[in-house]
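Here is a short report for a first look at this structure.

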Amino acid sequence: MPELPDLAIVAEAFNAALVDREVRSAEAPGPLAVRGTPAELQALVGQRLTDLRRRGKFLILQFDRDQVVVNPMLTGRFQLAKPGEKVPSKTAVVLGFGPRAKVPRGASAWARKGSWLPPDDADVEIRYRDPTQMGKLYLVPHGVERVVPGMAEGDLGPDADDPALTLDVWRQRIRRHPGELKNLLKNQGFIAGVGNAYSDEILHAARLLPFRKRADLAPEEVDALFAATRPTLTAAIEVLRKRVPPTFEKQVRDFLAVHDKGGTACPRCGTKISEVKPGGFVTSFCRGCQR
Ligand SMILES: [Zn+2]
């Protein structure tokens, strides 16, 4: 499932590749994934992409007039391609973009240097593909009230890597959530962007067990959880910037410390990593160094 670091890479790369380009074509080979009408999809043609960013586990494409919001859920993936390249199966939406004058000023430094960056005078496509069709692409035309599930007022807390999420804000917000730490980190209303994999990583970095309850934490443990959150995510983003492009649909997780590494040695203390699967989702942790 794409989480904050995965989507950060896609957002930074696609922002550098696509902003200031005009939509030339909009197709929906898998219309089930699209929330909106065919006319609303076609209305994107001729609009320039002015911004592309991530918020929580959503990708937001802002055009001159309208907006597109993608929630990739479990298996949604994005691909950057040359027009004419074979469109993979289970592709839900293809947006074709025309040339532009230059890479916009706001693009991330690492992405503007990418060898995969399409030339400014070339056409380029993005494809949104989803083998399970669980993810959704929401068309939000200007002036149309369309609530994107999970993005309504109060659904999303601050992004987990937002510098505005200070220790004081963290201490305030966490009071409302007495339950298990893993669920707390995955709760998008508390902080946005963390899911099943990175919650395990953050808890390992904080040396806290996933099924501990927040209500039972000492104040310094609440602070330790905060201290582990942003560095865990930003370190992953650093790795993914090098490992993911140009295959943006690839999910790279092999460098993680504990998640999905059950039975292997903990990189910190050498204890065999434990794994449980409540509800079919893997939770991994170390009994040696997490308490
Ligand atoms: Zn350990």
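## Two hairpins around β4

β4 and β5 form a hairpin with 3 residues between them. Strands here are DSSP runs of E with at least two residues, and helices are runs of H or I with at least four; both are numbered from the N terminus. The model is predicted: local features need pLDDT of at least 70, side-chain atom pairs count only at pLDDT 80 or more, and totals for chains, interfaces and linings use all residues. Residues are numbered from 1 along each chain as its sequence is written, and side-chain values use heavy atoms, with hydrogens and water left out.

β4 spans residues 58-63 and β5 spans residues 67-71; they pair in the antiparallel sense over 4 bridges. Two strands pair if DSSP finds at least two bridges between them. Leu-59 stands opposite Val-70 in β5. β4 also pairs with β3 (residues 49-55), again antiparallel, over 6 bridges. Here Leu-52 has Leu-61 of β4 as its bridge partner. β3 and β4 form a hairpin too, with 2 residues between them. Gly-56 in that turn has a positive phi of about 60 degrees.

How many of the residues of β4 are buried? The count is 5 of 6, so the strand is mostly covered, where buried means under 20% relative accessible area, exposed over 50%, and partly exposed in between (1.4 Å probe, protein chains only).

## An open sheet and a helix

Another sheet is open and has 4 strands, in the order β1-β7-β8-β6, with antiparallel pairing. β1 (23-27) and β6 (77-81) stand at the edges, each with a single partner strand, so one side of each has no neighbour in the sheet. On average, neighbouring strands are turned by 15 degrees against each other, direction ignored. Axes are lines fitted to C-alpha atoms, for helices over the stretch in contact, and angles run from 0 to 180 degrees between N-to-C directions.

β6 is joined to β8 (residues 124-129) by 5 bridges. Gln-79 has Arg-127 in β8 as its bridge partner. Helix α1 (residues 4-18) lies across β6, β7 (91-97) and β8, at about 30 degrees to β6. Contact means heavy atoms within 4.5 Å.

## The zinc site

Cys-266, Cys-269, Cys-286 and Cys-289 coordinate the zinc ion through SG, at 2.2 to 2.4 Å. Donors are N, O and S atoms within 2.8 Å of the metal (3.2 Å for Na, K and Ca); water is not among the atoms, so sites may look incomplete. The donors follow the spacing C-x2-C-x16-C-x2-C.

Cys-266 counts as buried because its relative accessibility is 4%. Cys-269, at 37%, counts as partly exposed.
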